[in-house]
Amino acid sequence: MLVILGLLTSFFSLLYVTAPSIRRFFAGGVCKTNMQLPGKVVVITGANTGIGKETARELARRGARVYIACRDVLKGESAASDIRADTKNSQVLVRKLDLSDTKSIRAFAEGFLAGSPWLCLAEEKQLHILINNAGVMLCPYSKTADGFETHLGVNHLGTGVTTYAVHPGIVSSELVRHSFLLCLFWRLFSPFVKTTREGAQTSLHCALAEGLEPLSGKYFSDCKRTWVSPRARNNKTAERLWKVSCELLGIQWE
């Protein structure tokens with residue numbers, strides 16, 4: 001038994017000594033573009049914490065006018081205050097957007113499209129960057145305000161269709177907050193998983209890198225295009241999913 005304990009102790013000691021090198025290996029790609037964004041308007045959902053907050057921070061640092069669209073406005077204001085202080089960009093604003101409630105989604109979208117004073121966008125008339133970052137995982141069974149299962153309602157129906165799909169990698173964030181085991185795993189192995197800043201790199205790459213237009217709709221990981229399952233590339237399945245989604249939401253798309 002003592003030999004086994006000694007071996008385990010040696011193994012974990014070696015593991016933590018080499019943690020910086022392991023983290024660098026798993027950190028993945030880095031957004032390398034130096035593009036600045038003065039005068040550009042950005043909306044990021046769920047940017048009050050985690051990957052979304054770090055994405056908002058970097059875009060604000062580049063001079064963009066950033067809207068944090070989130071369900072909890074108080075948390076959003078706290079995040080925005082932190083980002084404004086860090087980046088010296090006063091144009092980091094918060095608007096309520098609850099992806100589990102289609103009324104909230106429509107109110108947000110209509111406010112933007114109308115260029116209403118409520119959204120403070122009357123003078124800009126357009127959105128330059130939209131990052132659908134918000135999502136949930138491993139929630140106890142529940143339903144959205146519209147009666148959809150929460151994961152389906154928020155992650156698919158609430159978020160809608162994005163230009164690019166990205167996989168941030170294994171990131172230490174609040175996404176696993178509903179699972180005690182995953183929270184424990186994240187805490188134990190935090191030296192080996194991505195930070196939220198590292199996890200934001202692929203979103204930033206897709207938002208900022210030039211020349212990606214021909215790759216619209218593709219799948220990215222670690223700041224580069226990556227493999228997609230044949231099922232995910234099936235056009236008939238995609239058309240069926242689109243049709244069913246529109247029917248569930250009562251949308252007529254021509």
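Tutor: Two strands pair if DSSP finds at least two bridges between them. Keep that cut-off in mind. The model here is predicted.

Student: What makes strand 6 and strand 7 a pair?

Tutor: Strand 6 (residues 219-221) and strand 7 share two bridges, in the antiparallel sense. The cut-off is at least two bridges, so the strands count as paired. F220 stands opposite R225 in strand 7.

Student: Which sheet holds these strands, and in what order?

Tutor: They belong to an open sheet of three strands, ordered 5-6-7, with mixed pairing.

Student: Why do strand 5 and strand 7 stand at the edges?

Tutor: Strand 5 (165-167) and strand 7 (224-225) each have a single partner strand, so one side of each lacks a neighbour in the sheet.

Student: Take S221. Where is S221 placed, and why is S221 called buried?

Tutor: S221 lies in strand 6. Its relative accessibility is 17%. Buried means under 20%, so S221 qualifies.

Student: Which residues does S221 touch?

Tutor: Leaving aside residues up to four places away in sequence, S221 touches H167, T202 and T226.

Student: What joins strand 1 to strand 2?

Tutor: Five bridges, in the parallel sense. V43 stands opposite Y67 in strand 2.

Student: Why is strand 1 called mostly covered?

Tutor: Five of its five residues are buried. V41, V43 and T45 point one way, V42 and I44 the other way, and all are buried. For the whole chain, buried residues make up 37% of the 254 residues.

Student: What makes helix 3 oblique to helix 9?

Tutor: The axes of helix 3 (residues 50-61) and helix 9 (residues 201-208) cross at roughly 40° and come within 9 Å. Under 35 degrees would be roughly parallel, and roughly perpendicular starts at 65. The angle falls between those limits, so helix 3 is oblique to helix 9.

Student: Which hand does the crossing have, and which residues make the contact?

Tutor: The crossing is right-handed. Helix 3 contributes T55, E58 and L59, and helix 9 contributes S203, L204 and L208. These residues divide into three nonpolar, two polar and one charged.

Student: How many helices and strands does the chain have?

Tutor: Ten helices and seven strands.

Student: What share of the chain's contacts joins residues at least 24 apart?

Tutor: The share is 67%, among contacts between residues at least 6 apart in sequence.

Key:
Residues numbered from 1 in each chain as written. Predicted model: local features only at pLDDT ≥ 70, side-chain atom pairs only at ≥ 80, totals over all residues. Heavy atoms only, no water. Axes fitted to C-alpha atoms, helices over the stretch in contact; angles between N-to-C directions. Helix = DSSP H or I, 4+ residues; strand = E, 2+ residues; numbered from the N terminus. Parallel < 35°, antiparallel > 145°, perpendicular 65-115°, else oblique. Left-handed = near helix turned anticlockwise from the far one by under 90°. Contact = heavy atoms within 4.5 Å. Nonpolar A, V, L, I, M, F, W, Y, C, P; charged D, E, K, R; others polar. Buried < 20%, exposed > 50% of the residue type's maximum accessible area, 1.4 Å probe, protein only.
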